[in-house]
Amino acid sequence: MATSRIIVTGANGQLGSCLREIAVNFPRFEFVFTDVEELDITDQGAVKQCFEQQKPQWIINAAAYTAVDGAESEPEKAFSINAQAVGILAKESAAVGASFLHISTDYVFDGSNPNPLTENDITNPLSVYGKSKLEGEQLAMAGNANTVIIRTSWLYSEYGNNFVRTIRRLGSEKQQIDVVADQWGCPTSAHALAEAIMRIVAKPVFGLYHYSNEGVTNWALFAEEIMALSGLACRVKHITTAEYPAAAAPRPEFSILDKKRIKQTFQLNIAEWEDCLQRVIEKL
Ligand SMILES: NC(=O)c1ccc[n+]([C@@H]2O[C@H](COP(=O)([O-])OP(=O)(O)OC[C@H]3O[C@@H](n4cnc5c(N)ncnc54)[C@H](OP(=O)(O)O)[C@@H]3O)[C@@H](O)[C@H]2O)c1
């Protein structure tokens, strides 16, 4: 069988690293992993040249500006990477006949709806990061008709900077930490997301999807589970968002993603967040 080429951008990040791990399980695809040194997604000329040379069937965009608080003081950089560059990838992938898979975020919602959020729910991002990601979604859809967008939430893995690694570090240094308990959502293992992505790429139905692990929690309960699974005795004090002024960016109170569409379309079974967390903690 002829192989199809997939270019992964931002491949040194959490999601990109998880895609690298499972690539061997998909021999019908030839993966080309790139990060900013090989392919800066904000550089239209470089993107165009790369796609024309490589002739990919898929672009998976795992590149992003993910510093939610940092984006408040660096809006140009956040919009350049999360919005304009996504438009470039979409347009240039369409120009070579490739499909485009892009990742977005639950932070496109304002958090006022306590019910699980569907793909049809109205977006209203509170932060610069959320606004830049929403504009990225719009440019992706406008630039390439064969686009899949997956909104995900609270992504973590054994790679890079994320909540799980931060809490484990703090938990080994301190006897007690303060964690907000009034923001509700669901953690997502980047490994689980990578598996879901490959299911979609193998048999695509283009469009917008929500994906996280199963369950609902808040950051303080998430931190307690990380401590427990890591054998750390550090106590987690539940505080309110108002008591944690260090965060520059406003975050949604509720951002629980409804996953019916992705589960039904791709016959996906999604694991509970605690089970995936345990697997990642075993690797750390
Ligand atoms: N992390 C979360 O909690 C979360 C939640 C919801 C959705 N998401 C979305 O999920 C996706 C994957 O997130 P992640 O946590 O895996 O991200 P990540 O670990 O921050 O990885 C992003 C990668 O993109 C690279 N990158 C930055 N600018 C680039 C450019 N101009 N050209 C090429 N590469 C560039 C980064 O390099 P540097 O490290 O050198 O900048 C990094 O290697 C993103 O779209 C993100 O918005 C994440």
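## Ligand shell and selected residues in a predicted model

The UniProt record, an unreviewed entry, lists residues 5-283 as "domain: RmlD-like substrate binding"; positions from UniProt follow the numbering used here, feature names are shortened, and such annotations may be inferred rather than shown by experiment. The model is predicted, so that local features need pLDDT of at least 70 and side-chain atom pairs count only at pLDDT 80 or more, while totals for chains, interfaces and linings use all residues. Residues are numbered from 1 along each chain as its sequence is written, and side-chain values use heavy atoms, with hydrogens and water left out.

Helices (H or I, at least four residues) and strands (E, at least two) are DSSP runs, numbered from the N terminus.

**The ligand and its shell**

There are 24 residues around the ligand, of which Leu15, Asp35, Thr66, Tyr129 and Lys133 come nearest; a residue is near a molecule if one of its heavy atoms lies within 4 Å of it. By class, the shell holds 12 nonpolar, nine polar and three charged residues, where Ala, Val, Leu, Ile, Met, Phe, Trp, Tyr, Cys and Pro count as nonpolar, Asp, Glu, Lys and Arg as charged, and the others, Gly among them, as polar.

| Residue and its N or O atom | Ligand atom | Distance |
|---|---|---|
| Aspartate 40, side chain | nitrogen | 2.9 Å |
| Alanine 64, backbone | oxygen | 3.4 Å |
| Tyrosine 129, side chain | oxygen | 2.7 Å |

Taken alone, the ligand exposes 900 Å², of which the protein buries 78%; accessible areas come from the Shrake-Rupley method with a 1.4 Å probe, and for residues only the protein chains shown count as cover. Two or more residues of the shell are given by each of α1 (14-22), β4 (99-105) and α5 (128-143), and β4 supplies the largest share, three residues.

**Two buried residues**

Threonine 34 is found in the loop between β2 (29-33) and α2 (44-54). This residue counts as buried because its relative accessibility is 5%, buried meaning under 20% relative accessible area, exposed over 50% and partly exposed in between (1.4 Å probe, protein chains only). Not counting residues up to four places away in sequence, threonine 34 touches Ile7, Val8, Thr9, Gly10, Ala11 and Leu39, contact meaning heavy atoms within 4.5 Å.

Serine 189, in strand β9 (residues 188-189), is likewise buried, with a relative accessible area of 2%. A polar atom of the serine 189 side chain lies 3.1 Å from the backbone nitrogen of histidine 191. Leaving aside neighbours within four places in sequence, serine 189 is in contact with Leu155, Tyr156, Asn213, Cys276 and Val280.

**Loop residues**

Asparagine 115 has its place in the loop between β4 and α5 and counts as partly exposed because its relative accessibility is 47%. Its C-alpha atom is separated by 8.5 Å from that of aspartate 258, although the two residues are 143 residues apart along the chain.

Most residues other than glycine have a negative phi. Lysine 55, in the loop between α2 and β3 (58-61), has a positive phi near 45 degrees and is exposed, with a relative accessible area of 57%. Glutamine 267, in the loop between α9 (260-266) and α10 (273-283), has a positive phi of about 45 degrees and is exposed, with a relative accessible area of 58%.

Methods: Polar contact = N/O pair within 3.5 Å; in protein donor to acceptor, adjacent residues only side chain to side chain.
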